[in-house]
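Trainee: I would like to learn how to read cavities and salt bridges in a model. Please show me the structure and take me through both.

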Amino acid sequence: MTTAPAASRLLTALAGGEPDSTPVWFMRQAGRYQPEYRALRRRHGMLEIANTPELAASVTVAPVRQYGVDAAILFSDIMVPLGPAGVSFEIQEGVGPVVAEPIRDAAGAARIRDVDPARDLPQVLEAVERSVAALAGVPLIGFAGAPFTLASYLIEGRPSRQYAETKRLMWADPGLWDTLMNQLVRVVGAHLAAQVRAGARALQVFDSWAGALALGDYEASVAPHMRALFAELRALSVPVIYFAVGAGHLASAMAATGPTALGVDWREPVSQVRRRLPPGMPVQGNLDPAALLAPWPDVARQARAVLADAGRRGFVFNLGHGILPPTDPAAVARLVELVHAETQSPGSKSGPEVERGTGA
Ligand code: CP3
């Protein structure tokens, strides 16, 4: 690392500023909607790609080159750090993470060990380093699952709709719940810190399923652990985006746990969520991922509505959740161009073609 990284639209927006154009990236921007990724997946498993630095880095970097997005997100999965923590799991295609022995008692929770990423996850850190080198100044976003969302997979054993076992344990045995959540804060905190040390310049914490909780349960059983996690992450001096789906009722409680920015889904306009947030807190979102399956005029209309509603200051354009597999990559590229073109500040001379891949 010889020179200071170039200014970045993403980092400007996450600092509450107004970049030359609105930054845009997409959750699941590397994945099955891409023919190149599907071709790679015919030869390698998802976790095999994530655990092979050359492959992980090339999949991570591809959307920046292909669509001109303003950030890359590390190709990995929220379950990856749980492997060395002692959890045996697989990722089943079309299903998601499946845990061999779901955690239901103190003995199960005691199996979750500390993780030393340099020793236990060197392949992930090498993927970060290779991605950062190939990105030439475009920021890499490191990520982890939030303790609640990880706990939901550990306890249910697989993706769930009701989270009944998770809630049952949370209510029935608060001591055990806190032990498990504390331990997940340790694992996630170490994993995120290591990604920043390896070159990630922003972090996103996915609490994808927190929206299943009532506000009171979130505040009593999850928020204290998020406060501890974000307090620890502050020392890393990189912006941290906190994201959940269907969690409008939690927005102000989530913001109060101390992230830099809040990621929101499509159910409410950004302007409406903002009224419940601390003044000036940056927001990321929130086009409905299904909109990208619609004819282009509908995509454009809905994207313009998001941009008009959210404004330019402290705003990162994204979808309200991950890109859906039937999405046409050409629509993704066109959407990036639209976001950049429609939000270009009068003073900035460089168009999307010039900006592409430069990280400016
Ligand atoms: O481009 C990116 O966003 C980076 C890569 C990434 C993956 N998973 C790759 C992946 C990221 C950031 C994740 C995070 C993740 N994983 C979350 C949080 C984000 C969210 O969607 O809410 C969650 C809940 C998981 C758990 C998980 N892993 C699920 C629900 C699934 C989908 C199952 C399926 O097949 O539909 C996975 C598998 C997974 N993770 C895939 C990818 C590209 C698809 C698997 C494949 O290639 O076969």
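Predicted model: local features only at pLDDT ≥ 70, side-chain atom pairs only at ≥ 80, totals over all residues.

Trainee: How many salt bridges does the structure hold?

Mentor: Side chains of opposite charge can pair when their charged atoms come close. A salt bridge here is a side-chain nitrogen of Lys or Arg within 4 Å of a carboxyl oxygen of Asp or Glu. The structure holds 15 of them.

Trainee: Which parts of the chain does the pair Arg41 and Glu93 link?

Mentor: The side chains of Arg41 and Glu93 form a salt bridge at 3.3 Å, N to O. Arg41 sits in helix α2 (residues 35-43) and Glu93 in the loop between β2 (89-92) and β3 (96-99), so the pair links distant parts of the chain, 52 residues apart. Helices (H or I, at least four residues) and strands (E, at least two) are DSSP runs, numbered from the N terminus.

Trainee: Is Glu93 buried or exposed?

Mentor: Buried means under 20% relative accessible area, exposed over 50%, and partly exposed in between (1.4 Å probe, protein chains only). Glu93 is exposed, at 60%.

Trainee: What is the N to O distance between Arg186 and Asp114?

Mentor: That salt bridge has an N to O distance of 2.6 Å. Arg186 is partly exposed, with a relative accessible area of 48%, and Asp114 is also partly exposed, at 38%.

Trainee: With which residue does Arg119 form a salt bridge?

Mentor: Its partner is Asp120, with the closest N and O atoms 2.9 Å apart. Arg119 is exposed at 58%, while Asp120 is partly exposed at 22%. Elsewhere, Arg9, Asp20 and Asp70 are linked in a network of salt bridges.

Trainee: How many cavities of 30 Å³ or more are there?

Mentor: On a 1 Å grid over the protein atoms alone, a cavity is a set of points where a 1.4 Å probe fits but cannot get out; lining residues have an atom within 4 Å of a point. Grid points are joined across faces, edges and corners, and a volume is the space filled by probe spheres set on the points. The structure holds two cavities of 30 Å³ or more. The second largest cavity contains about 100 Å³ of space.

Trainee: Which residues line the second largest cavity?

Mentor: Among them are Ala244, Met254, Leu262, Asp265 and Glu268. The elements giving two or more residues to this lining are α12 (251-255) and β7 (261-263).

Methods:
Residues numbered from 1 in each chain as written. Heavy atoms only, no water. 1 Å grid on protein atoms, 1.4 Å probe; cavity = no way out; pocket = protein on both sides within 12 Å on 5 of 7 lines; lining within 4 Å.
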